[in-house]
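Subject: Structure handover and findings

Hi,

Here is the structure we talked about handing over. My notes on charges, rings and backbone follow below.

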Amino acid sequence: KEVKLGKKVESIGTNAFSECKSLKKITSGDKVEEIERGAFFYCASLKQVGLGKSVKEIGTAAFLCCGSLKKINLKGVRKIEKSAFDECKALEQVTLGDNLKKIGEQAFYGCGKVTELVLPSTVAKIEEDAFVDMSEGEIIFWVPTGMKEYYQSLLTSKTGFKDGLVSKDRLKIGKIFLVVIMLIQFNFILYMILVLNLHIKLMN
C-alpha cells in the first residue's frame, strides 16, 4: 500500500496512520511542515518515506516501531522530538540537515544498525538517551571542523554513552578524512602506473 499526500496538506496529524501495518510507502506534499505525534506509530511494513524540504518537525513517537524502515532523509528538519525513531531496528542510514536544532530524548533509541551519523554545526540540544543502543558496535559521529569539543559537551553519558564523554577518536572530521582517503587513492594510482611502466621496460 502506498500513500501520496496532496499539495494542500500542511501537516500529518496525531496518529494519522498509526498501526497501518500494510502501509509500505509514504510521500509527503511540498507544504507539509510537521509530522505530529504517533503519525506512523507501528507501521511495521513501512519501508520508504519521502519527506519534502518543507518538513520542519518530527513529532514525538512519529515513527516509533517502524521496524522495516531502512533510511530516512531529514535535511529540512529543525526538531526531532522524543522517541521519533525509537525501535526502528532496520534503520541503517539517517541524513540530517543544516537546519537541525534539537534531537529529542530517545529519538533514535534502539536503532542498532546505524554505524555513522553526520552532525551539522547547528545542533544546540541533544536530550537524554537520544542514541542509546543506536549502534550494535561503535558509532562514528562526523562533525564540522573545529567542533569536536562542542560535541563532546553534548554527547554525554545521558545521551547514551557509558564512558561519560565520547572520546575524540569517535568524533571524526569528515572533510579531513575525505581528503586523506583521496590522497591515498591518488598515490596508489601513481604507484600502480610506475609499476606498470617498470614492467613494460623490463619486458622490452
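Glu81, Lys102, Lys125 and Glu127 are joined in a network of salt bridges. A salt bridge here is a side-chain nitrogen of Lys or Arg within 4 Å of a carboxyl oxygen of Asp or Glu. The structure holds five of these bridges. This is a predicted model: local features need pLDDT of at least 70, side-chain atom pairs count only at pLDDT 80 or more, and totals for chains, interfaces and linings use all residues. Residues are numbered from 1 along each chain as its sequence is written, and side-chain values use heavy atoms, with hydrogens and water left out.

Salt bridges

Glu81 bridges to Lys102, with the closest N and O atoms 2.8 Å apart. Glu81 sits in the loop between strand 8 and strand 9 and Lys102 in strand 10, so this pair ties together parts that are 21 residues apart in sequence. Strands (E, at least two residues) are DSSP runs, numbered from the N terminus. Both Glu81 and Lys102 are buried. Buried means under 20% relative accessible area, exposed over 50%, and partly exposed in between (1.4 Å probe, protein chains only). For Lys102 the relative accessibility is 17%.

Lys102 also meets Glu127 in a salt bridge, at 3.8 Å from N to O. That pair links distant parts of the chain: Lys102 is in strand 10, Glu127 in the loop between strand 12 and strand 13, 25 residues apart.

Another bridge joins the side chains of Glu87 and Lys89, at 2.7 Å from N to O.

Positive phi

Most residues other than glycine have a negative phi. Glu87 has a positive phi, near 60 degrees. Glu87 lies in the loop between strand 8 and strand 9. Its relative accessible area is 23%, so Glu87 counts as partly exposed.

Asp129 has a positive phi too, about 60 degrees, and is not a glycine. Look for Asp129 in the loop between strand 12 (125-126) and strand 13 (140-143). At 22% relative accessibility, Asp129 is partly exposed.

Aromatic pairs

Rings of Phe, Tyr and Trp (its six-membered ring) pair if their centres lie within 6.5 Å; planes under 30 degrees apart count as stacked, over 60 as edge-to-face and the rest as tilted. The count comes to eight aromatic pairs. Phe17 and Phe40 are stacked, at 5.2 Å centre to centre and 0 degrees between the planes. Phe17 is in the loop between strand 2 and strand 3, and Phe40 in the loop between strand 4 (34-35) and strand 5 (48-50), so the pair ties together parts 23 residues apart in sequence. Phe17 and Phe40 are both buried.

Phe85 and Phe108 are stacked as well, at 5.5 Å centre to centre and 5 degrees between the planes. Phe85 is in the loop between strand 8 (79-80) and strand 9 (93-96), Phe108 in the loop between strand 10 (102-103) and strand 11 (116-118), 23 residues apart. Phe85 is buried, at 0% relative accessible area. Phe108 is buried at 0% too.

Ring pairs link Phe17, Phe40, Phe63, Phe85, Phe108, Phe131 and Phe141 into a cluster.

Surface charge

Lys24, Lys47, Lys70 and Lys113 form a positive surface patch. Such a patch is made of residues with over 30% relative accessible area and no salt bridge, with like charges joined within 9 Å. Lys24 is in the loop between strand 2 (11-12) and strand 3 (25-27). Lys24 is partly exposed, with a relative accessible area of 49%.

Best regards

Technical notes. Patches are made of residues with over 30% relative accessible area and no salt bridge: like charges are joined within 9 Å, nonpolar side chains (Val, Leu, Ile, Met, Phe, Trp, Tyr) within 5 Å. Accessible areas come from the Shrake-Rupley method with a 1.4 Å probe; for residues, only the protein chains shown count as cover. Lys and Arg count as positive and Asp and Glu as negative; His and the chain ends are not counted. The place of a charge is taken as NZ of Lys, CZ of Arg, CG of Asp or CD of Glu. Helices (H or I, at least four residues) and strands (E, at least two) are DSSP runs, numbered from the N terminus.
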